[in-house]
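Please keep the sequence and the structure in view while reading.

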Amino acid sequence: MKISDSKFVTLTYDLNVGEGDERELMEQATPEKPLEFIFGTNSMLKAFEDNIFGLSEGDKFNFTLNPEEAYGDFDESRIIELPKNIFEVDGKVDNEMLFEGNTLPMMDSDGNRLMGSVVSISDDVVTMDFNHPLAGETMHFEGTVQGVRDASPEEIAALFSGGGCSSGDCGGCSCGC
């Protein structure tokens, strides 16, 4: 069976970022924790899907996505200073949640959900970075197709009811979370 729309796909891969000899291992999907998704449901980057379309179980892949094909260039304007008091609950900041390096779910003034990483915290300002963690990165994927099968009606229904990414780690880059 070949990878195409509505197929349940299982992959293992190494994701390295960077150029030439300056590559760094960023993420791995292993046989114990593979990436699993339904192809053609906008849960993955289009360029990622384009590179695995038509592959079958056991096929190997090796491809590179530039920033324009993935998460775009790093945008300095997406680093924003916010008043610290917006992070207060009942008049107190939760330091278990608000700390440098943590990624927090946020909402903009239009009600859109977005993820932001805490860059720094001062007495009255929190600096947040709303770029995707892999913005500006060239991404190199090398892996193997572990399985391809028809997605069940239940799996498709779960995806569209918010089930989403099933890699087990929605902090990862490729699932688009």
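In which helix do K46 and D50 both lie, and how many residues apart are they? Both belong to helix α1, where four residues, about one turn of the helix, separate them. The model discussed here is predicted.

## Salt bridges

The structure contains three salt bridges. One of them joins the side chains of K46 and D50, with an N to O distance of 2.9 Å. K46 is exposed, at a relative accessible area of 60%, while D50 is partly exposed at 47%.

A further salt bridge connects K7 and D150 at 2.4 Å, N to O. K7 is in strand β1 and D150 in strand β11, so this pair ties together parts that are 143 residues apart in sequence. With a relative accessibility of 15%, K7 counts as buried, because the limit for that class is under 20%. D150, in contrast, is partly exposed, with a relative accessible area of 44%.

The side chains of E155 and R149 also meet in a salt bridge, 2.7 Å from N to O. E155 is partly exposed at 23% relative accessible area, and R149 is likewise partly exposed at 37%. R149 has a ring contact as well: it lies over the face of F8, at 4.1 Å from the ring centre.

Seven aromatic pairs are found in a search of the whole structure. In one of these, Y13 and F141 are arranged edge-to-face, with 5.5 Å from centre to centre and 65 degrees between the planes. Y13 lies in strand β1 and F141 in strand β11 (residues 139-150), so the pair ties together parts that are 128 residues apart in sequence. Both Y13 and F141 are buried. They also belong to one aromatic cluster, together with F37, F48, F61 and F63.

The rings of F39 and F53 form another pair: their centres are 6.0 Å apart and their planes meet at 40 degrees, so the pair is tilted. F39 is located in the loop between β3 (35-38) and α1 (46-52), and F53 in the loop between α1 and β4 (60-65); the pair therefore ties together parts that are 14 residues apart in sequence.

## Strand pairing around β9

Strand β9 (residues 113-121) pairs with β8 (residues 103-107) in the antiparallel sense over five bridges. Within this pairing, L104 stands opposite G116 of β9. The hairpin of β8 and β9 has five residues between the strands, and G111 takes a positive phi near 85 degrees there.

β9 also pairs with β10 (residues 125-129), again in the antiparallel sense, over four bridges. The bridge partner of S117 in β10 is D129. A hairpin of three residues joins β9 to β10.

## Surface features

V119, located in β9, counts as partly exposed at 41% relative accessibility. Together with F74 and I79, V119 forms a nonpolar patch on the surface, with about 220 Å² of accessible area in total.

E22 is found in the loop between β1 (7-17) and β2 (24-29). E22 is exposed, with a relative accessible area of 66%. The C-alpha atoms of E22 and R78 are separated by 26 Å, and these residues are 56 residues apart along the chain.

How values were computed: Residues are numbered from 1 along each chain as its sequence is written. This is a predicted model: local features need pLDDT of at least 70, side-chain atom pairs count only at pLDDT 80 or more; totals for chains, interfaces and linings use all residues. Side-chain values use heavy atoms; hydrogens and water are left out. Helices (H or I, at least four residues) and strands (E, at least two) are DSSP runs, numbered from the N terminus. Buried means under 20% relative accessible area, exposed over 50%, partly exposed in between (1.4 Å probe, protein chains only). Patches are made of residues with over 30% relative accessible area and no salt bridge: like charges are joined within 9 Å, nonpolar side chains (Val, Leu, Ile, Met, Phe, Trp, Tyr) within 5 Å. Accessible areas come from the Shrake-Rupley method with a 1.4 Å probe; for residues, only the protein chains shown count as cover. A salt bridge is a side-chain nitrogen of Lys or Arg within 4 Å of a carboxyl oxygen of Asp or Glu. Two strands pair if DSSP finds at least two bridges between them. Rings of Phe, Tyr and Trp (its six-membered ring) pair if their centres lie within 6.5 Å; planes under 30 degrees apart count as stacked, over 60 as edge-to-face and the rest as tilted. A charge sits over a ring if NZ of Lys or CZ of Arg is within 6 Å of the ring centre and within 35 degrees of the ring normal.
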